[in-house]
Amino acid sequence: MVEMLQIEIKCMAKSIKKRPLMSEVVNMLEDIIRRGGPAIRNPFRKELEFAPFANRTFDFEDMSRATAEVLGRGTFGYCYRSILLNGKVIVVKRLRGVTAGNMQEFRQHMAFIWRIWHRNVALLRAYHFSRDDKILVYDYYQDSIFALLHGTTGTHRMLLNWETLLKIAMGAARGIAHIHEQDGGKLVHGNIKSSNIFVNEKKYVTVSDVGLAKLFDPSTLLSTPTPGYRAPEIGKTRKVSQASDVYSFGVVLLELLGVPSLHTTGAGAIISLVEWIKSLPRDEWTTEVVGVEHLRYLNAGEASVQLLQIAMDCVAVAPKRRPRMAIVVKMLEEMSCIKPSNESSSEDISEDTRGQPSIESGLEDILDGLLPRLTL
Ligand SMILES: Nc1ncnc2c1ncn2[C@@H]1O[C@H](COP(=O)(O)OP(=O)(O)OP(=O)(O)O)[C@@H](O)[C@H]1O
């Protein structure tokens with residue numbers, strides 16, 4: 001290790017003339033290795049650390065040779081969809097503004113994320129840490145719940161059948177409840193929304209971006225969750241909490257139920273929407289809020305009112321009045337025993353009320369192959 005430090009000191013010499021040539025540095029390092037010195041990694045090669053048990057089917061060089069397309073720019077930096085030469089499709093997140101300043105801290109945090117192992121939590125496959133780059137690698141999932149519901153443009157509204165809707169709700173709820181059990185029951189996701197919930201290759205609903213909030217300064221997170229999913233108290237407290245995760249999940253439930261325009265409204269508009277729903281007599285909730293066409297399609301009778309009630313409990317303005325996520329899971333599990341009154345008929349509705357593709361068209365390939373067989 002001392003020898004390594006000596007090399008480092010030589011490289012950082014003030015006088016340019018005293019700094020060794022790169023070829024000399026390589027020779028010095030090779031010499032250390034030859035003499036059976038400390039097990040060092042080639043410092044000129046970028047390394048990926050893989051999750052325990054994850055298949056190491058690619059390395060950093062494969063990643064740099066892959067094609068990459070920007071999926072979007074999120075709170076934590078740019079997100080790319082990358083196709084490796086072996087055909088595997090991965091998602092690469094290049095983080096910006098990470099506060100975990102050194103390798104040790106970052107590594108400890110990654111190990112913490114890997115311990116949050118659950119079928120409803122998206123696996124962080126690998127990471128890379130260097131002074132210039134902090135990169136996270138995930139599997140690529142065909143579609144987020146947001147994309148399923150609203151399409152990539154966010155303009156259309158997909159109607160889900162009752163069974164699919166409940167499975168998505170339950171998978172996401174179980175994932176969030178598991179996250180809330182971590183770190184001595186204190187871990188907060190901090191950015192629950194339908195574009196962070198996916199269906200994985202085993203057909204499990206998985207919650208992504210877990211543990212990332214802890215890597216950033218709270219001031220970076222002031223814009224999370226995205227307006228619309230952000231609990232009202234965050235404006236004052238400037239802090240996300242488990243109760244604010246529950247609020248965000250309530251908004252996802254409303255979104256799943258097809259409450260119109262949720263994805264385009266701001267936090268204020270959501271609160272007034274919630275107030276409006278509360279002002280309606282309960283027996284008018286589903287017809288007014290979910291919509292007659294969608295209700296006919298869901299064909300779930302009183303169960304859809306109950307689901308709407310759970311969503312409304314989650315979006316209670318006072319954080320203390322919101323149920324804990326474990327309770328939400330229980331309520332959803334009880335609901336899943338309630339069967340819709342009749343099998344939903346595909347002839348009932350082939351297009352939703354806005355003439356946009358419904359479950360019967362447009363994304364049918366994905367939905368036929370995927371959602372009816374969602375695993376719980
Ligand atoms: N593993 C993944 N597979 C497929 N698409 C993904 C994956 N991770 C992210 N995406 C998609 O990439 C886009 C950008 O994601 P990213 O998480 O960077 O930002 P965001 O979800 O838009 O915002 P935020 O940072 O607030 O979560 C989103 O549309 C998201 O659904």
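## Basis and overall architecture

The model is predicted; local features need pLDDT of at least 70, side-chain atom pairs count only at pLDDT 80 or more, and totals for chains, interfaces and linings use all residues. Residues are numbered from 1 along each chain as its sequence is written.

The protein contains 14 helices and 8 strands. These elements are DSSP runs numbered from the N terminus, with helices being H or I runs of at least four residues and strands being E runs of at least two. Of the 376 residues in the protein, 35% are buried. A residue is termed buried if 20 or more other C-beta atoms lie within 10 Å of its own, exposed if 12 or fewer do, and partly exposed in between, with C-beta atoms placed from the backbone. Two residues are in contact if their C-beta atoms, likewise placed from the backbone, lie within 7 Å. Among contacts between residues at least 6 apart in sequence, 66% join residues at least 24 apart.

## Lysine 93

An unreviewed UniProt entry places the feature "binding site" at Lys93. UniProt positions are given in the numbering used here, feature names are shortened, and annotations may be inferred rather than shown by experiment.

Lysine 93 is located in strand β4 (residues 89-95). Lysine 93 counts as buried because it has 22 C-beta neighbours inside 10 Å. When residues up to four places away in sequence are not counted, lysine 93 touches Phe76, Gly77, Cys79, Ile135 and Leu136.

Helix α12 (residues 302-314) has 13 residues and should span 18 Å at 1.5 Å a residue; its end C-alpha atoms are 19 Å apart, which agrees. The expected span is 1.5 Å times one less than the number of residues. In α12, the residues Ala303, Ser304, Leu307, Leu308, Ile310, Ala311 and Cys314 are buried. Viewed down the axis of α12, its buried residues fall within an arc of 155 degrees, so they line one face of the helix. The arc is that of the directions from the helix axis to the C-beta atoms. An α-helix has 3.6 residues a turn, so residues three or four places apart point the same way.

Helix α8 has 15 residues and reaches 21 Å from its first C-alpha to its last, close to the 21 Å expected. α8 is mostly covered, with 15 of its 15 residues buried. Glycine 258, which follows α8, has a positive phi near 85 degrees.

Aspartate 183 has a positive phi of about 55 degrees although it is not a glycine. Aspartate 183 lies in helix α6 (residues 162-185), and its 14 C-beta neighbours inside 10 Å class it as partly exposed.

Arginine 238, also not a glycine, has a positive phi of about 55 degrees. Arginine 238 is placed in the loop between α7 (234-237) and α8 (242-256), and is exposed, with 11 other C-beta atoms within 10 Å.

## Loop residues

Valine 188 lies in the loop between α6 and β7 (197-199) and is buried, with 21 C-beta neighbours inside 10 Å. Not counting residues up to four places away in sequence, valine 188 touches Ala213, Val240, Ser241, Gln242 and Asp245.

Threonine 99 is found in the loop between β4 and α4 (103-115). Threonine 99 is partly exposed, with 13 other C-beta atoms within 10 Å. Beyond residues up to four places away in sequence, threonine 99 touches Leu215, Phe216 and Asp217. Threonine 99 and isoleucine 83 are 16 residues apart in sequence and 29 Å apart in space, C-alpha to C-alpha.
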